[in-house]
Amino acid sequence: MAMFSSKPSAIVPALTLLLSLPVLYFFFTSHFHPPRQISISDTDELDDLSLFHKAITKEASNFSRHSTRHPSTRARLSAAVSKPKIAFLFLTNSELYFAPLWELFFANVTLKQYNIYVHADPFVKIPPLEGVFRDKIIPSKRTQRSSPALISAARRLLATAMLDDPLNTYFALISQHCIPLHSFNYLYDFLFDMKKLYKDLDFRSYIEIIDDDPFLWDRYNARGSDVMIPEVHFDEFRVGSQFFVLSRKHASMVIKDRKLWRKFKLPCLNIHSCYPEEHYFPTMLSMQDPKGCTGFTLTRVNWTDSVDGHPHTYHPPEISPGLIHNLRKSNSTYSYMFARKFSPDCLNPLMEMADSVLFKD
């Protein structure tokens with residue numbers, strides 16, 4: 001009997017372990033495996049194609065009404081037409097923490113100089129937007145870091161802004177963790193400085209384009225070996241910050257593209273090297289019009305102590321006039337105009353120095 005009774009005592013722990021396997025699997029996969037990339041559904045793709053078609057058709061109509069090659073740029077330089085505008089494209093999956101700071105940025109600025117568009121992830125509950133952001137949310141889709149969904153969101157913003165106002169001449173992509181480093185007037189005068197025009201009186205785009213990243217090969221093959229061929233060969237592949245300021249000419253190129261998008265929307269096998277939003281735009285514009293791009297971004301990011309692919313996040317103790325002045329400095333001849341990432345609790349110290357530092361040029 002003693003031997004018979006010992007068997008259940010051995011079976012119970014075994015059964016407990018067996019029953020706990022699903023729980024253990026869920027715990028380890030959720031903590032040690034990256035989240036599954038969301039894909040672009042056929043419905044979302046068709047919605048975007050319809051939007052792009054409308055924007056492209058309207059742009060062609062605008063083109064036919066002007067004799068100049070690029071009316072979206074040159075016609076706006078004439079004194080006979082309204083001032084060109086900057087389209088601010090806010091891409092967020094949370095509330096706009098720094099909305100009060102941006103309110104100050106846009107204060108006393110005429111609406112004839114800018115427009116605002118917000119792509120807000122509908123799967124995240126975001127408080128109603130007020131002030132200059134009221135009614136600025138465009139039809140949005142789900143987004144996810146390191147997925148082609150962020151490319152789609154940026155293209156959606158570009159197309160919406162192009163379709164909405166033919167005077168939108170520059171398109172600045174901005175995140176909810178981003179702050180302005182200068183006043184609106186400083187940015188506006190910088191972008192529309194006639195001295196910066198290059199061939200055919202076109203404005204250049206401010207987008208980071210890097211061809212010597214140490215992980216370039218891994219990023220190129222993130223979807224599998226030779227998957228990008230023949231559309232993109234390795235020597236054509238580029239990386240860079242996802243936050244850019246594009247000219248209307250380049251915004252049009254982005255929403256017209258179909259060939260490269262077919263490759264960059266493919267799921268990645270190596271998720272740790274997959275950042276489509278940092279690859280698609282630099283690669284496409286480098287292939288189509290490299291001389292029309294500066295190769296530099298206007299958004300300052302600190303990668304000195306990045307964690308899990310995220311840049312350094314600034315916190316209130318770090319906020320000071322000295323930090324702002326240092327963030328403005330760049331290796332180019334111009335200043336940075338924006339910076340990220342800042343924690344939400346940085347709002348108060350930033351508001352306190354808004355007039356005396358941030359917007360004092």
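Figure 1. With a relative accessibility of 15%, E45 counts as buried (buried means under 20% relative accessible area, exposed over 50%, and partly exposed in between, using a 1.4 Å probe and protein chains only). This is a predicted model, so local features need pLDDT of at least 70 and side-chain atom pairs count only at pLDDT 80 or more, while totals for chains, interfaces and linings use all residues. Residues are numbered from 1 along each chain as its sequence is written, and side-chain values use heavy atoms, with hydrogens and water left out. You'll find E45 in helix α2, which covers residues 42-64 (helices, H or I with at least four residues, and strands, E with at least two, are DSSP runs numbered from the N terminus). Leaving aside residues up to four places away in sequence, E45 touches I40, W261 and K265 (contact means heavy atoms within 4.5 Å).

**Figure 2. The side chain of E45 meets W261 and K265.** A polar contact of 3.0 Å links the side chains of E45 and W261, and another, of 3.2 Å, links those of E45 and K265. (A polar contact is a pair of N or O atoms within 3.5 Å; within protein, one must be able to donate a hydrogen and the other to accept it, and residues adjacent in sequence count only if both atoms are side-chain atoms.) E45 and K265 also form a salt bridge, their closest N and O atoms being 3.2 Å apart (a salt bridge is a side-chain nitrogen of Lys or Arg within 4 Å of a carboxyl oxygen of Asp or Glu). E45 sits in helix α2 and K265 in the loop between α9 (259-264) and α10 (276-288), so this pair ties together parts that are 220 residues apart in sequence. K265 is partly exposed, at 29% relative accessible area.

**Figure 3. K141 reaches D44.** Why might two side chains like these pair up? Side chains of opposite charge can do so when their charged atoms come close. Here K141 and D44 meet in a salt bridge at 3.3 Å, N to O. The two belong to distant parts of the chain, 97 residues apart: K141 is in the loop between β2 and α5, and D44 is in helix α2. The structure holds 11 salt bridges.

**Figure 4. E278 and R219, a buried pair.** These two side chains, E278 and R219, meet in a salt bridge of 3.3 Å, N to O. E278 is in helix α10 and R219 in helix α7, so the pair ties together parts 59 residues apart in sequence. Are they buried or exposed? Both E278 and R219 are buried.

**Figure 5. Two cis peptide bonds.** I229 and P230 are joined by a cis peptide bond, with omega about 10°. Look for P230 in the loop between α7 (216-220) and β6 (245-247). The peptide bond from R340 to K341 is cis too, with omega near 0°, and K341 lies in the loop between β9 (338-340) and α12 (347-352).

Figure 6. N108 isn't a glycine, yet its phi is positive, near 65°. N108 sits in the loop between α4 (99-106) and β2 (114-120) and counts as exposed at 86% relative accessibility. D135, also not a glycine, has a positive phi near 60°. Its place is the loop between β2 and α5 (149-164), and at 73% relative accessibility D135 counts as exposed.
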